[in-house]
Structure formats: C-alpha cells, structure tokens
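Here is a friendly note to read with the model open beside you. Take the points in order and look up each residue as you go.

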Amino acid sequence: MDYQVTIRYGKKSPRYHSFSVEAGDVPSALRKAADEIPEDIAPQADLVELREAPDFDKVMPPSEFP
C-alpha cells in the first residue's frame with residue numbers, strides 16, 4: 001500500500017516536506033518514513049502526518065462532478 005508522509009518543520013515560519021512510502025501496514029510505513037526524513041530538517045521537525053495515499057485511478061473524472 002502507498003502512504004503519503006508530510007513533515008512540518010521550521011520554527012519561525014513552518015515549511016512542509018512531503019514524500020511517499022510503500023509498505024504493507026502502518027507500522028512498517030512509519031519505520032520507512034523515519035528512515036527517509038532528510039537529516040537537515042529532522043532537528044526542526046515538530047509534526048509528521050502519515051495517511052493512505054490517494055488512488056488517482058479511482059478519482060472521479062471532472063465530467064462526472066455533480
């Protein structure tokens with residue numbers, strides 16, 4: 001399963017770094033995400049969000065919007 005990871009970092013003005021990881025479950029995805037946090041932003045990180053990545057093949061085409 002694909003997961004989307006977003007990290008908030010920066011003390012004065014928050015910035016965001018996003019990337020995806022592939023794993024079989026949430027605990028495995030968290031471990032992979034931790035290994036992929038860039039070393040230069042890790043000390044400034046204060047929030048990490050992990051969510052299932054959207055499946056863009058299942059997104060409703062604009063012609064079908066209500």
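Where is the place of A23?

1. Before you start. This is a predicted model, in which local features need pLDDT of at least 70, side-chain atom pairs count only at pLDDT 80 or more, and totals for chains, interfaces and linings use all residues. Residues are numbered from 1 along each chain as its sequence is written, and side-chain values use heavy atoms, with hydrogens and water left out.

2. The overall plan. Helices (H or I, at least four residues) and strands (E, at least two) are DSSP runs, numbered from the N terminus. Of the 66 residues in the protein, 20% are buried; buried means under 20% relative accessible area, exposed means over 50%, and partly exposed is in between (1.4 Å probe, protein chains only). The protein exposes about 5300 Å², and carbon and sulfur atoms supply 52% of it. Accessible areas come from the Shrake-Rupley method with a 1.4 Å probe, and for residues only the protein chains shown count as cover.

3. How the strands pair. Two strands pair if DSSP finds at least two bridges between them. Strands β1 and β2 run antiparallel and are joined by eight bridges. To see this pairing, find D2 opposite E22 in β2, then R8 opposite Y16 in β2. Five residues lie between the strands in the hairpin of β1 and β2, where G10 takes a positive phi near 100 degrees. Strand β1 also pairs with strand β3 (residues 45–52), in the antiparallel sense over seven bridges. Here I7 stands opposite V48 in β3.

4. The nonpolar core. A nonpolar core is a set of buried Ala, Val, Leu, Ile, Met, Phe, Trp, Tyr and Cys residues joined through side-chain atoms within 4.5 Å. The largest one has 10 residues in all: Y3, V5, I7, Y9, F19, V21, A23, A29, A33 and I41. The elements β1, β2 (15–22) and α1 (26–36) each give two or more residues to this core, and the largest share, four residues, comes from β1. In a regular strand the side chains alternate between the two faces of the sheet. Contact means heavy atoms within 4.5 Å.

5. Is T6 buried or exposed? T6 lies in strand β1 (residues 2–9) and counts as buried because its relative accessibility is 18%. The side chain of T6 makes a polar contact with the side chain of S18 (3.2 Å). A polar contact is a pair of N or O atoms within 3.5 Å; within protein, one must be able to donate a hydrogen and the other to accept it, and residues adjacent in sequence count only if both atoms are side-chain atoms. Apart from its neighbours within four places in sequence, T6 is in contact with Y16, H17, S18, L47, V48 and E49.

6. Back to A23. The answer to the opening question is the loop between β2 and α1. A23 counts as buried, at 8% relative accessibility. Although A23 and M1 are 22 residues apart in sequence, they are 5.5 Å apart in space, C-alpha to C-alpha. Not counting residues up to four places away in sequence, A23 touches M1, Y3, S28, A29 and K32.

7. The salt bridges. How many salt bridges does a search of the whole structure find? It finds two, where a salt bridge is a side-chain nitrogen of Lys or Arg within 4 Å of a carboxyl oxygen of Asp or Glu. One is between R8 and D46, with the closest N and O atoms 3.0 Å apart. R8 lies in strand β1 and D46 in strand β3, so this pair ties together parts that are 38 residues apart in sequence. R8 is partly exposed at 27% relative accessibility, and D46 is partly exposed at 46%. R51 also forms a salt bridge, with E49, and here the closest N and O atoms are 3.1 Å apart. R51 is partly exposed, with a relative accessible area of 47%, and E49 is partly exposed, with 34%.
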